[in-house]
Amino acid sequence: MTKQTWWKEAVVYQIYVRSFKDSNGDGIGDLRGILEKIPYLKTLGVDAIYLNPVNKSPNDDFGYDISDFYDIMDEFGTMADFDEMIRALHENGLRFIMDLVINHSSDEHPWFREARSSRDNPYHDYYIWKEGKEDRPPNNWPSFFGGSAWEYNEPTQEYYLHLFSRKQPDFNFSNQKLKEELKEIIRFWIRRGVDGFRFDAVNHIAKDLSFPDGVQKEGDRYGDFMPYVQNMPLVHDYIRELRQDTITSPDFFVAGEAGGIGFDSAHLYTREGKKELDVLFHFDMHSIGRGRRDWIRIPVDLRSTIKRSFTGWATRPEEEGWNPVFFSNHDTTRTVSRIGDDLNYPVESAKALCLLQLSQRGTPFIYYGDEIGMTNARDFKLEDYRDAAVFNKYREEVLEGDTPAADYLEGLHNMNRDNARTPMQWIPEPGAGFSESSPWIPLNSNYRRINVKAQLENPASVLNFFRSMIALRKNHPTLIYGSFREYLNEHEQLYVYTRQDGPDGREYLALLNLTSRPAEAVIPEDLRIRVNASGSAAQVLLSNHPEADASLLFEKTLRFEPWEAVLIEL
Ligand code: GLC
Ligand code: CA
């Protein structure tokens, strides 16, 4: 039987702090805003929250560029606010998972200011340098946010490496002193009461320090740097060292984020006995609907995406680790817009995806706003975006390239991560209950229609569906620990699976049509046998179609409306 721990049982709620609740009217969400909303989190029924970075930052990448690891971002509040928030969370039975950015710092961090001043400065080696002439970067690596991965530094006549923006210089993990500093930071936050971390961009912390050029396709500006900047063998040693030298409690939770990795390689980090990560945020969900160029949307193919990844994880050997079950986060777009159907079936598809997420084997991470079915910001103009990558890529693709501006904007509506960063929609009044003043990023214009207040009052809302499903998961531990079996694997529209062999000795069947078309299927023989064994005891636990009834299992053909989803206890 699966080893039981709190973080497997928890439903985690991710909060992009800047956009959740502004408590002091400056248009930016903050820690006291979260404090105010603890009752809401209780109503929702989640067990833990994960916050995007809260450390001091000049906000070139909104907190992912840290200038002081021992302090709180000015806009978010003070250390006293942080302590109060953590105390209040704990008093309310909620755990706290902190995002820690260890791959790089801000270029405004005192270490980097020192490091760039001269080659013999003691901090110089905390970062990654390569000699070069001003007009010729050392190799053809691109940065994830557009442009070269190298930035020239006049005082030392060298380039420094930045996989993300030029204001995010990468750390040099081959420097032991740097690692000791990072360990101190980790211990500091553990002492302050955090229950877990998410290590940001953790699969990038080791690089090939001989900096080979990447293979460059004709017509491309840059080479493929992936083989040299992620999942390098030393990554594992570094993570293990950080963890072993800092974390003593067996209960402490460590998640990591790993770009460019699929569920089938996650075990490289999460396999039991490796002592690296408890769960890995892989990127299968990011790429759903995403074309070769980021801003081109492609239709979702159920079999090769959701089914492959979810079933793939849920049926891997136990010792390979545990899965985080999520669709969206601050780097993707809104779940109901990318995977569901926000135009034709916004409510049905949001509920179906909720039922899917909370009946899978793995820890659900619900991204703020998804519980009310918040959508992409389809009427944003270029100037409404805040993500620096939007403007870097605009220069490359539109100004210097051949992408028409209108196509680029349409791509942003579909694929840019700012879609998932618009303010939480609390009430149908101006400001949406997020802030008294103008928010740092515009509200999605649909807040009058989609908001918490309206949904709390409506028993048939997406929000109330989430509440029911969260409660169900908690009261039916087989939904957490039970094994997983899929039926109708080849079906292009239906996702059908059972959960069984769990602590409560019961068996559950999930039937989901994850498309906007009606679907049907002949019930497979092996499922028929299990259904018959349950006799007439089968009952619907939850469905997004109120009239759903378990007798559908005794028909010859299963018929489903678009996005119809049912959870049945057999
Ligand atoms: C991770 C974060 C992303 C950030 C990047 C650089 O991918 O999730 O938001 O921009 O790391 O820190
Ligand atoms: Ca504020």
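A: N329 sits in the loop between β12 (324–325) and α12 (335–338); here helices are DSSP runs of H or I with at least four residues, strands are E runs of at least two, and numbering starts at the N terminus. The model is predicted: local features need pLDDT of at least 70, side-chain atom pairs need 80 or more, totals for chains, interfaces and linings use all residues, and side-chain values use heavy atoms, without hydrogens or water. Residues count from 1 along each chain as its sequence is written, while chains are lettered from A and ligands numbered from 1 in the order written.

How exposed is N329? Its relative accessible area is 7%, so N329 is buried (buried is under 20%, exposed over 50%, partly exposed in between, with a 1.4 Å probe and protein chains only). The side chain of N329 makes a polar contact as well. It reaches the backbone nitrogen of D331, at 2.7 Å (such a contact is a pair of N or O atoms within 3.5 Å; within protein one must be able to donate a hydrogen and the other to accept it, and sequence neighbours count only through two side-chain atoms).

D331 leads on to ligand 1. This ligand has 13 residues around it (near means a heavy atom within 4 Å). Those that come nearest are D61, D200, E257, H330 and D331. Polar contacts can be followed from ligand 1 to particular side chains. D61 places a polar side-chain atom 2.5 Å from an oxygen atom of the ligand. For E257, an N or O atom of the side chain is 2.8 Å from a ligand oxygen. R417 also takes part: its side chain has an N or O atom 3.2 Å from an oxygen atom of ligand 1.

Now turn to ligand 2. This one is a calcium ion, and its donors are D22 (OD), N24 (OD1), D26 (OD), I28 (O) and D30 (OD), at 2.3 Å (donors are N, O and S atoms within 2.8 Å of the metal, or 3.2 Å for Na, K and Ca; water is absent, so a site may look incomplete). Along the sequence the donor residues follow the spacing D-x1-N-x1-D-x1-I-x1-D. What about burial at this site? D22 has a relative accessibility of 5%, so it counts as buried. I28, at 12%, is buried too.

Several other loops are worth a visit. Take the one between β9 (196–200) and α7 (226–229), which holds Q216. Q216 counts as partly exposed, because its relative accessibility is 39%.

Move on to the loop between α7 and α8, where N231 is found. Its phi is near 55 degrees, a positive value in a residue that is not glycine. Most residues other than glycine have a negative phi. N231 is partly exposed, because its relative accessibility is 27%. A432 also has a positive phi without being glycine, with a value near 60 degrees. The loop that carries A432 runs between α15 (405–415) and α16 (452–457). At 0% relative accessibility, A432 counts as buried.

Helix α8 contains L242. Its relative accessible area is 0%, so L242 is buried.

Next comes G262, in the loop between β10 (253–257) and α9. G262 counts as buried, because its relative accessibility is 14%. The chain separates G262 from S309 by 47 residues, and their C-alpha atoms lie 8.1 Å apart.

Finish with E272, in the loop that links α9 (267–270) to β11 (279–281). Its relative accessible area is 43%, so E272 is partly exposed. E272 and S105 are 167 residues apart along the chain, and their C-alpha atoms are separated by 30 Å.

Back to the starting point. N329 is buried, and its side chain reaches the backbone nitrogen of D331. D331 is, in turn, among the residues that come nearest to ligand 1.
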